[in-house]
Amino acid sequence: MARPLRNLVVVLGDQLNRDSAAFDGFDAARDAVWMAEVAHESRHAWSAQQRTALFLSAMRHFAAGLRSEGIALHYRQLQEPDNTGSLAAELAAAIARLQPSGVVAVQPGEWRLEQMLQQVAAAAGLPLTLLEDRHFLCSHARFAAHARSRGRAGLRMEYFYREERARLGILMEGGQPCGGAWNFDARNRHAFGAAGPGFLPAATAFAPDALTREVIALVRERFANHPGTLDAFDWPVTRAQALQALEDFIAHRLPLFGHWQDAMWTGEPVLYHARISAALNLKLLDPREVVDASVQAWRQGAVPLPAAEGFIRQILGWREYVRGIYWAGMPGYLEHNALDARLALPAWYWSGDTPMRCLREVITQTLRTGYAHHIQRLMVTGLYALLLGVEPRQVHQWYLAVYVDAVEWVEAPNTIGMSQYADGGLMASKPYIASGRYIEGMSDYCRGCKFQPGQRTGEAACPFTTLYWDFLDRHAGMLLANPRMAPQVRNLQRLPSRERDAIARQAALLKAAAQAGLSSPG
Ligand code: FAD
Ligand code: SF4
């Protein structure tokens, strides 16, 4: 007779880490792992084909690794005829069939999935052990303590980041930050200028192997009407590939990361960025090894300090900080709408079919590759939705759907908080707003666009610029209360009322035009 099962160890699609706490004390003779692919995870946000393919391929590769170690694995594939499509239903059925004495999992990244595990285990009358996710450098308890210590001053990434650097001794010497400053942004963030980026070191591309090709065929068949295409799929899908991607970045792009971090250029999605967010979020990479490799490259003299520090701040600072904001704010964080934005997301966000060259470039690139770098997300697609006044929940659904690295704990604070200022300043100290002039300065997108970034009214006016001035007018009260934003409102107040009326009229036309058609392909 088969031995009774002690623990059913649940491994979710973004928990592909063999060193996670889920495997502490794992007894191959008494425990088994459970994993499942379900359609609902691709449909609750209308997931791009690349995103679904990446998750499925990485999960199947991870499962193959477990099997090769002789670990008992119960794995549900998407195409199994009786797959219900629901993670909760699949887990409940597995529990009923396997009769474990308990369920064990690492705490999910997403609030919804933690609720699901608790409900399924409770309904089955089983104890659920949720273990700390050691992937992250800052635990929930530590972040809560940090938030308490900030008190009424409120949370700010910069203070969190300094505290974490000092605590972990990263880029620190004798209790002081290396180089005598916490950041060197004054030396970072340049634009390419008219000549463009010149030679660019191409990021390592990972040609799909047989298993990935199988998954791609499955996604094409099952999710044919989902956004994006799969022809350009070249993401790392295993830990070995993720390490190779990291090594390639450190050697070839990190040295110039800080310098060009905010620049954008037509046809060049990656530039000097790492392209490792998806591997990190799937837990194929550990943030410690990413930080350590960057520090080491600096110590060896291969990377300047401003580049190493600027990059480490993204991982140790922003990435951990947004996770803290998410868990401190859930449930409820997704409902924020501090600016009372009510418009629907324009239909062309799902196709790129717009005459605005910057948006067309970033959206078509996104649908083709599943990738855009931070400034493309924040200062092109995010900025336009903010200026237009799109309901934050719809913007959130779009970001969750289209990027291969999209998981709610990191996407939601970036979208709802940083890019849409919908949380009223919990995440960011001010709304990130700018006119088309910013995009003109940081990219070549405006060249060849039918609009003029410097013009706010008239036929050739750049819609970003019209809507920027309209945004200042609509939110003048809130912006005047913020010393960093007030000067921009004063510029608006200096305009003749005739001009302000013309801006309002043109903005109203842009909003009406943006509302034509459907808001989502789902
Ligand atoms: P690089 O620019 O090379 O940065 C290195 C790493 O730092 C990234 O891989 C990432 O892990 C981390 N990082 C950088 N910025 C942030 C940030 N603001 N928050 C958290 N981590 C950061 N990132 C995601 O991983 N998933 C998302 O769903 C996501 N949604 C976003 C939505 C919006 C509206 C915005 C403005 C940003 C979003 N980001 C998201 C953050 C950032 O844009 C991506 O992490 C980055 O573009 C990934 O590309 P890269 O690996 O080349 O990053
Ligand atoms: Fe975008 Fe305006 Fe520049 Fe056209 S002119 S590319 S719409 S910023």
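Modeller: Pro-331 lies in the loop between H12 and helix H13 (357-369). Helices here are DSSP runs of H or I with at least four residues, strands are runs of E with at least two, and both are numbered from the N terminus. This is a predicted model, where local features need pLDDT of at least 70, side-chain atom pairs count only at pLDDT 80 or more, and totals for chains, interfaces and linings use all residues. Residues are numbered from 1 along each chain as its sequence is written, chains are lettered from A and ligands numbered from 1 in the order in which they are written, and side-chain values use heavy atoms, with hydrogens and water left out.

The bond between Met-330 and Pro-331 is a cis peptide, with omega about -5 degrees. Most peptide bonds are trans.

Now follow H12 itself. Helix H12 spans 305-329. H12 gives the largest share of the shell around ligand 1, six residues. Helix H10 (277-281), helix H14 (374-388) and helix H16 (408-419) are also among those that supply at least two residues each. There are 29 residues around ligand 1, each with a heavy atom within 4 Å of the ligand. His-273, Ala-274, Arg-275, Asn-281 and Tyr-371 come nearest.

By class, that shell has 15 nonpolar, nine polar and five charged residues. Nonpolar means Ala, Val, Leu, Ile, Met, Phe, Trp, Tyr, Cys and Pro; charged means Asp, Glu, Lys and Arg; the others, Gly among them, count as polar.

Next, the polar contacts, which are pairs of N or O atoms within 3.5 Å. A polar backbone atom of Ala-274 is 2.7 Å from an oxygen atom of ligand 1. For Asn-281, a polar side-chain atom lies 2.8 Å from a ligand 1 oxygen. Tyr-371 has a side-chain N or O atom 2.7 Å from an oxygen atom of ligand 1. Taken alone, ligand 1 exposes 810 Å², and the protein buries 99% of that. Those areas use the Shrake-Rupley method with a 1.4 Å probe.

Definitions and conventions. A polar contact is a pair of N or O atoms within 3.5 Å; within protein, one must be able to donate a hydrogen and the other to accept it, and residues adjacent in sequence count only if both atoms are side-chain atoms.
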